[in-house]
Amino acid sequence: MDIQLSNINHSYDKFEVLRDINLDIPTGKIICIVGPSGCGKSTLLRLIGGLEQPTSGQVLQLGNAPAGCLNPLTYIFQDFALLPWRTVQGNISLVLEDHGIRGAELQKIIDDVLARTKLTDFANALPKQLSGGMKQRVAIARALAVKPAVMLMDEPLSALDSQTRELLMDDLVSLWSRTPFTAVYVTHNLAEAVRLGHSIVVLSRRPGEIREIVKVDKPLSERKHGDTDLEAQQKYLWDLMRDEARAADAELLNV
Amino acid sequence: MSDLKNTRPVKFRGGGFAPTSRRWVGFVVFAVLIALAEIGTQTGFITALTLPKPSDVLQTFIDLYNSGLLFTHAVPSLTRLAVGSAMGISVGIMVGVMIGLFSYVRAGLVPLVAAIFPIPKIALLPLFVIWFGIDEGSKYALIALGTFTPTVVATYGAVDNVDRTLIRMGQSFGLSWMSIVRKIVLPGAMPGILSGLRISLAIGIILLVAAEMLGAEHGIGAYILEAGSLYDLERLFAGVVMLSVLGVVVSMAIGVVERRVLRWRS
């Protein structure tokens, strides 16, 4: 199942946020979206998943979601969005209960996703007992449980410290290497973008337009922290963005 | 910097502003106040007309218990409080959740609730007597109305404060509207609803006594009124003690519920 964005424009009142976005999201690839703060990255992600409607243009789903997929477009949020009153297990079962999955089948899915995210020992812990990295792993497990066709990740590692971020990037890469998934990954961190993205979409500052789409050809599993070619690409992205990032930083917020 | 004569530890300034559990202090305050009253009345420093001796009040209480009158008065009062506040609180939570969820209900009912809230409910008792009869009905209605308004206000405030990102999360996973309300909104609003209950139930106790004073054969309020009109201070205080104990018990009961239901909040 591919996703296609055609001629997306979006404004809040008279405030133009996104302009003329055309983008293809092919199956099995991770697309990273980077851009200066306030350029509409997260808005774009909300449009893709149907949490917001574009002012004009369309988000198209090409083909059907694969069989067994419970929630084709599934988000992973920056602030994890776990229910604090439910255990790790309960948070995962929350998104399955509504699909009529009960009993042994429910437990089988939960055990499977917990094993894949190395959380089996923490099934009965409450979110407040977990570190930030663990909370995000729970959110990833929850997303995997509904067998998404496309994962929509909104700065999933931005609330974590840099060491945890490294560990979680490795986890994401190994998850992808075992079963390639489709993902749109919004981030402001260029290092994350070059580590995880098959292609990187650079947005301009507001109103966000696509400035360039940078391909990273090296296979995900061969990318390492501190690779020189990745750093060269990261520098290239930064050179593209630096002036706009500075201008965006100096802008008054109009919200 | 290396002036050794002037070496001293950095002064600690980070104390206070962090409430911790000190259970026994409450009892000590009670005990000291009662002991002072007892000493004062025994020595004659406080005259018998100003304040009854705490020991006499205790004796009255024991007599009340032995004669069985304690239950004659306490049982109807507790029933009224339980029935009336159960009605008021359950309807109040329902209406509060609706106000929190639907803009039209909010626009329509918030002004109405604001209009009802400040009415001294006791002023409506004659009306309730006509509507619901002189018996239990009017007392239930009065307590129900009294607990209803604060519950509504607390509940919709609590629903407003539920983390919106959790609701978005529910929507993004395709949860049904009912599931979002039942599994995300209600548990998220629970802390606010429970702290509203403390206020509602205290108001319920006040109205219970007022209603019983205006027309009841048995009940703590009727007992206090009777003692008061005879200037029987021992019995009056025995009645007041019953009310205080009731208040403390209710507050403790909510505390227990909070600890059980809100265990996730550390």
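Me: How much area is buried between domain 1 of chain A and domain 2 of chain A?
Reply: This is a predicted model, in which local features need pLDDT of at least 70, side-chain atom pairs count only at pLDDT 80 or more, and totals for chains, interfaces and linings use all residues. Chain A is divided into domain 1 (2–65 + 149–253) and domain 2 (79–147), with bounds from an automatic or database domain assignment. Buried area is the accessible area (1.4 Å probe) that two parts lose on being put together, summed over both. Carbon and sulfur atoms give 68% of the total, which is about 910 Å².

Me: Which helix gives the largest share of the side of domain 1 of chain A that touches domain 2 of chain A?
Reply: Two salt bridges cross this interface, each a side-chain nitrogen of Lys or Arg within 4 Å of a carboxyl oxygen of Asp or Glu. Arg137(A) pairs in this way with Asp171(A), their closest N and O atoms being 3.9 Å apart. Helices (H or I, at least four residues) and strands (E, at least two) are DSSP runs, numbered from the N terminus. The largest share on the domain 1 side, six residues, comes from residues 162–178 of chain A, helix H5.

Me: Which residue of helix H5 of chain A is linked to Glu192(A)?
Reply: Glu192(A) lies in helix H6 (residues 190–196) of chain A, and its partner is 27 residues apart from it. The two form a salt bridge with closest N and O atoms 3.8 Å apart. The partner is Arg165(A).

Me: What radius of gyration does chain A have?
Reply: Chain A holds seven helices and nine strands, and its C-alpha trace spans about 55 × 40 × 35 Å along the principal axes. The radius of gyration is taken over C-alpha atoms, and the globule rule is 2.2 Å times the number of residues to the power 0.38. For 255 residues a compact globule would be near 18 Å, and chain A agrees with that at 18 Å.

Me: Why is chain B described as more spread out than a compact globule?
Reply: Chain B comes to ten helices and zero strands. Its C-alpha atoms fill a box of roughly 80 × 70 × 30 Å along the principal axes. The globule rule gives 18 Å for 266 residues, so chain B is more spread out because its radius of gyration is well over that, at 25 Å.

Me: Which three residues of chain A supply 34% of the area that chain A buries against chain B?
Reply: Chain A and chain B bury about 1800 Å² between them, with 67% of it on carbon and sulfur atoms. More than any other three residues, the suppliers of that 34% on the chain A side are Trp85(A), Asp98(A) and Lys128(A).

Me: Which residue of chain A forms a salt bridge with Lys183(B)?
Reply: Residues are numbered from 1 along each chain as its sequence is written, chains are lettered from A, and side-chain values use heavy atoms, with hydrogens and water left out. The count between chain A and chain B is two salt bridges. In the one made by Lys183(B), the closest N and O atoms are 2.8 Å apart, and the partner is Glu97(A).

Me: How many residues does the contact take from chain A and from chain B?
Reply: Contact means heavy atoms within 4.5 Å. By that cut-off, the contact takes 23 residues from chain A and 19 residues from chain B.
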